[in-house]
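Please examine the sequence and the three-dimensional structure shown here.

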Amino acid sequence: MNRRDFLSACLGATAPRSAARLPNIVFIYADDLGYGDLACYGATRVRTPNIDRLAAGGIRFTDAHSSAATCTPSRYSLLTGEYAFRMEGARILPGDAPLLIRPGRATLPSILKARGYRTATVGKWHLGLGDGRIDWNGDIKPGPLEIGFDECFIIPATGDRVPCVYVENHRVAGLDPRDPIRVSYKGPLDDQPTGAMHPELLKLHPSHGHDMTIVNGISRIGYMSGGKSALWKDELMADVLTTRAVRFIEAHDTRPFFLYFSSHDIHVPRVPHARFATATPMGARGNAIAQLDWCVGRIVETLRKRKLLDRTLIMFTSDNGAVVDDGYRDEAVEKLGGHRPNGPLRGGKYSRFEGGTRVPFVVNWPGRVNSSVSDALISQMDIPRSMARLTGAPLGAMDAPDSENVLPALLGESARGRETLVEQGPSLSLRSGKWKYIPPSEGARLNKNVNIELGADTRPQLYDLAADIGETRNLAGQYPERVEEMEVMLHKIRSAHPAR
Ligand code: NG6
Ligand code: CA
């Protein structure tokens, strides 16, 4: 063998595949969708044929978790591969909060971008923007583009928080400079009417909170004025976002792409398009699920038409568990019927119980993944390291520190995921295999506004989830050594990396 052949033989064995042959990655994030909210997870009062099809042809996970029971920390972990409790301030953010992720650190998009991917995020952001003095009429940065996305079209925070505008790359989309935007989380601006003062102007009334600036007949959290031409219409939001996602896919070139599609559904305010008005007997919340399923269908259909399905890894999941009344009188409680948004799980969004973080998670990749159901314990925080492994991207020693490689589970090649996982609710709990440990807490037992048990108890709680998925029998008294062992384990994980 001459020197050249020798070199290429060596390289061939170790060199990562060329970027052009790497799979596309589409990560679809639902908002507040619970473990029992999809037909493929047992729901009967809503049809979700598109997501069900992904599940039937791929892997449906039964023990997959968002890293926290609310949005911002879950998204922080998904993108950085780090527990959000390590990051000061990683809690539900107001709409004018600065960017939570430091530009320059490795993120899911930056890892893939460095590997040759075209990267985009479309939809809910809620990780902060700017450096603390944000001017909504100028360049809004740092943001997604500074942490690894080539392009973005985002809702800055949530649908129920101002500013109610889309941000496209660095700018508010459709803004008329003669009508500048002002945003405040301190007090009313100008003479803008608020929901509290002018309930007669509302088409959707708050049940708790959400009584500040009125946009599109719905009062929100926070105050804003101006930007009339840029204000979103809630009814069109799913269409607008899906169209952007489709456009990104259709613009694919020779490079593989990564799309982080972060739906606003089924977060409040739930105002699905009129064509879903009779989709379910459950009113706005059920109809928003139907709308979400439709969005997924459009994305999959686009991939199919472009003959990309075999080359695309699709993941579908949710950023935290379900909540029914999350602040608007949208009849979600009244019309629930027998529907159980969190399935057999106790608690829901905001909770330490499994309903807080155990969410639907579906993987589909016709070219690679066979159909199955997986009980592997996995976290969305594991996506950065797993995708790095899939694409042959190198990770530095400080990168994605809490992210584990669960690629074999994601591809259905192994029934095992991680051994332990910290679940972040109002405080931290620990999973170790089938065991769940919730340390003693003096906190509130019930969030009365949303009617969700928060999992607080002044005694330690220990549950055997294999036998008792609903966390009804506290075994802490029976297994004191296990309680102690898990307390030590939790303490160790919590102090493993210095908080920044
Ligand atoms: C809460 C809001 C809730 C929702 C949540 C964030 C009130 C009374 N409640 O503070 O409606 O916006 O924050 O949800 O304001 S999340 O999915 O983005 O975490
Ligand atoms: Ca959420």
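Ligand 1 is surrounded by 17 residues, and the closest are T70, C71, G209, D326 and G327; a residue counts as near if its C-beta atom, placed from the backbone, lies within 6 Å of the molecule. The model is predicted, so local features need pLDDT of at least 70 and side-chain atom pairs count only at pLDDT 80 or more, while totals for chains, interfaces and linings use all residues. Residues are numbered from 1 along each chain as its sequence is written, and chains are lettered from A and ligands numbered from 1 in the order in which they are written.

By class, the shell around ligand 1 holds four nonpolar, nine polar and four charged residues. Here Ala, Val, Leu, Ile, Met, Phe, Trp, Tyr, Cys and Pro count as nonpolar, Asp, Glu, Lys and Arg as charged, and the others, Gly among them, as polar.

The chain is divided into domain 1 (21–181 + 226–410), domain 2 (184–225) and domain 3 (420–495), with bounds from an automatic or database domain assignment. Domain 1 and domain 2 each supply at least three residues to the shell around ligand 1. The centres of domain 1 and domain 3, taken over C-alpha atoms, are separated by 27 Å. Their contact takes 26 residues from domain 1 and 22 residues from domain 3, two residues being in contact if their C-beta atoms, placed from the backbone, lie within 7 Å.

Within domain 1's side of that contact with domain 3, twelve residues are nonpolar, eight polar and six charged.
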